[in-house]
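Hi,

Here is the structure I promised to pass on. Please open it alongside this email. My notes follow below.

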Amino acid sequence: MAADLLVLPWFEGDPASSVTDIDAATGGEVSRALASGEFSGRAWETFLTPIVDRTWAARRVLLVGAGAERTFTNGTARCVASTAGLAGRQRRAASLAFVV
């Protein structure tokens, strides 16, 4: 998918293996951030890292915390999208793609 920024909603407690190949594509940064507590998936929390695997079209990935999966609603999805949009704008991303 050709986009400057790939956005992934992330639920609290999800392991790095939740999204196939994303940890490898980021050189292990997703698992490192989860293990260190730098990112946990709490609602509206963000984690941005480059994608080092050049076979991916996107240059960066933004994880956006979606909170607990059992409490996820349409309203949560809108807030995740708003958080991603603001983060992308702050980082001057030319385009965003959401993984759902």
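Two strands count as paired if DSSP finds at least two bridges between them. By that rule, strand β2 (residues 46-50) pairs with β3 in the antiparallel sense, over 5 bridges. F47 has L63 as its bridge partner in β3. Please bear in mind that this is a predicted model.

β3 has another neighbour. Strand β1 (residues 5-11) runs parallel to β3, and 7 bridges join the two. Here P9 has V64 as its bridge partner in β3.

Now for the loop between β2 and β3, where R54 is found. Is R54 buried or exposed? R54 has 61% relative accessibility, so R54 counts as exposed. The cut-off for exposed is over 50%. The R54 side chain also reaches back to the backbone: the backbone oxygen of I51 is at 3.4 Å.

One distance to finish. R54 and T76 are 22 residues apart in sequence. In space, C-alpha to C-alpha, R54 and T76 are 32 Å apart.

Best wishes

Key
Residues numbered from 1 in each chain as written. Predicted model: local features only at pLDDT ≥ 70, side-chain atom pairs only at ≥ 80, totals over all residues. Heavy atoms only, no water. Helix = DSSP H or I, 4+ residues; strand = E, 2+ residues; numbered from the N terminus. Buried < 20%, exposed > 50% of the residue type's maximum accessible area, 1.4 Å probe, protein only. Polar contact = N/O pair within 3.5 Å; in protein donor to acceptor, adjacent residues only side chain to side chain.
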